[in-house]
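This briefing concerns the salt bridges of the structure shown below. The points that follow are grouped by topic.

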Amino acid sequence: MQNKSYTYAEKGSPVYLFSIVLAAVVGGLLFGYDTAVISGAEKGLQAFFMGAKDFTYTNFMHGFTTSSALIGCIIGSALSGVMASRLGRRRTLFAAGILFFLSALGSYDPEFLFFPKGVPTRSLLLAFNGYRILGGLGVGMASAICPMYIAEISPAEKRGTLVSWNQFAIIFGQLVVYFVNFLILGSHANPVVDLVGGVNKVLNPDAAAWTTATGWRLMFVSEAVPAGIFTILALLIPETPRYLAMSGRDDKALYVLSKINGEAKGRQILADIKATTEQKTEKLFTYGWLVIFVGIMLSVFQQAIGINAVLYFAPRIFESMGLGNPMVYTVVMGVINITFTLVAVFTVEKLGRKPLLVVGSLCMAAGALGVAFSNIFTVPAIVPVISILVYSASFMFSWGPICWVLISEIFPNTIRSQATAVAVAFQWIFNFIVSSTFVPMYNMRLGSMGVGFGHFFSYALYGVICLLAALFVWKLVPETKGKTLEEMNNIWKKKKA
């Protein structure tokens with residue numbers, strides 16, 4: 001029963017569309033912010049917990065602490081489908097904002113109510129990791145729902161561009177937090193941890209005292225500002241027309257559609273939506289196994305090509321190349337990443353999804369193999385530097401944004417929330433696998449080649465996977481440029497038949 005009377009707009013409003021997409025994109029910024037904030041805080045955090053009296057804070061514990069948010073990411077992305085189906089897209093984004101906000105405050109003050117301030121203990125370490133996992137839940141939910149929300153709210157001809165802005169926001173969020181961490185640290189020294197007599201020790205603790213006691217806390221709590229903004233914005237944006245129609249709220253769905261597209265086109269889109277949504281949800285494999293397999297493999301390849309190993313360990317990699325100041329090259333790579341993400345934003349609706357993915361995969365393969373063979377042949381240092389920059393830039397105009405675009409649009413309406421949750425969960429699982437295996441693989445030794453073998457093997461492996469990714473896209477991924485979300489039903493029904 002529809003109780004409210006709506007006035008439908010004759011013409012669509014680009015400003016209205018821009019404003020609600022911008023609000024959703026803040027979720028992408030938070031995604032990047034939360035995953036990168038640990039990079040500036042981890043040294044002070046390590047020195048703080050090394051001061052514990054009731055346990056020894058080992059390298060293994062520190063490795064788990066710096067990556068514990070990934071546990072929440074896997075769980076949050078897996079739960080996002082159920083939440084998006086039952087609560088709606090908008091309320092799920094609001095819940096993610098609350099989790100971001102609570103995680104920022106809890107990571108800043110894990111002692112709150114239960115522990116003495118500034119006294120590191122095993123129990124406090126567990127509490128801190130709990131707050132980081134809480135933030136990971138928000139990241140996992142946002143990583144699945146933000147692109148889905150933007151795709152379901154956007155006109156077909158603008159969808160790829162608007163979803164690509166979410167990836168730009170992720171990369172921009174990472175750069176923002178690097179800058180914020182730099183400002184917070186200021187003239188204070190980061191702790192220097194080294195093995196002394198087989199035990200980790202903080203060298204020159206007096207110089208790093210402020211960072212150890214306070215600096216890392218301020219880095220984590222800085223996230224509360226964008227988290228609070230995002231949570232408020234999530235209350236102001238509308239629910240997506242697709243979810244409203246599947247929930248029987250046709251008048252509200254038409255109201256949103258008409259504000260974006262105009263009433264005439266809005267009624268046409270609503271009719272198409274209703275034709276594909278006789279019921280709110282269908283079973284995951286209603287459209288066959290291939291659509292689920294393609295969604296999962298898009299996520300797997302986005303991580304298996306090794307990009308996060310490069311992004312997370314860029315300073316270590318540039319240092320191994322014998323360069324002067326590796327941070328300079330890391331910043332250069334960051335600027336290049338932003339620039340080439342914009343290439344995708346402005347070309348995805350002109351060139352299409354498949355061409356960008358195939359070309360990007362081949363260029364990444366060339367870059368990765370260039371780095372690999374630089375470790376077994378004598379070449380100028382500029383060769384591996386250019387190769388790794390080509391590898392990173394190619395990801396940013398292809399697999400970085402386009403994977404999210406495809407995952408947000410290839411699934412039929414009635415299984416989109418469930419299928420997206422499955423695909424994104426696999427993305428976080430393989431993120432963890434690649435991130436945790438890179439360092440031991442990179443440091444492998446073999447006979448006279450020494451550690452050079454590990455350097456060669458890791459990038460040669462990523463290069464081969466990039467070639468397989470290009471083949472996968474060429475053979476199995478449908479082109480979705482210019483197609484409505486409702487057309488996905490017919491595409492997969494034909495492939496099933």
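Which residue's side chain meets that of K117 in a salt bridge? In this predicted model, the partner is D109, with an N to O distance of 3.1 Å. Across the whole structure, a search finds eleven salt bridges, and the pair of K117 and D109 is one of those described here.

**The K117 and D109 pair**
- K117 is exposed, because its relative accessible area of 52% is over the 50% cut-off.
- D109 has a relative accessible area of 18% and is therefore buried, the cut-off being under 20%.

**The R217 and E111 pair**
- The side chains of R217 and E111 form a salt bridge with an N to O distance of 2.6 Å.
- R217 belongs to helix α7 (residues 209-221), whereas E111 sits in the loop between α4 (89-108) and α5 (122-153), so the pair ties together parts that are 106 residues apart in sequence.
- R217 counts as buried at 4% relative accessibility, and E111 is buried with a relative accessible area of 2%.

- In the salt bridge between R159 and E409, the closest N and O atoms are 2.5 Å apart.
- Because R159 lies in helix α6 (residues 159-185) and E409 in helix α18 (residues 399-409), this pair ties together parts that are 250 residues apart in sequence.
- R159 is buried, with a relative accessible area of 1%, and E409 counts as buried at 0% relative accessibility.
- A network of salt bridges links R159 and E409 with E349 and R353.

Notes: Residues numbered from 1 in each chain as written. Predicted model: local features only at pLDDT ≥ 70, side-chain atom pairs only at ≥ 80, totals over all residues. Heavy atoms only, no water. Salt bridge = Lys/Arg side-chain N within 4 Å of Asp/Glu carboxyl O. Buried < 20%, exposed > 50% of the residue type's maximum accessible area, 1.4 Å probe, protein only. Helix = DSSP H or I, 4+ residues; strand = E, 2+ residues; numbered from the N terminus.
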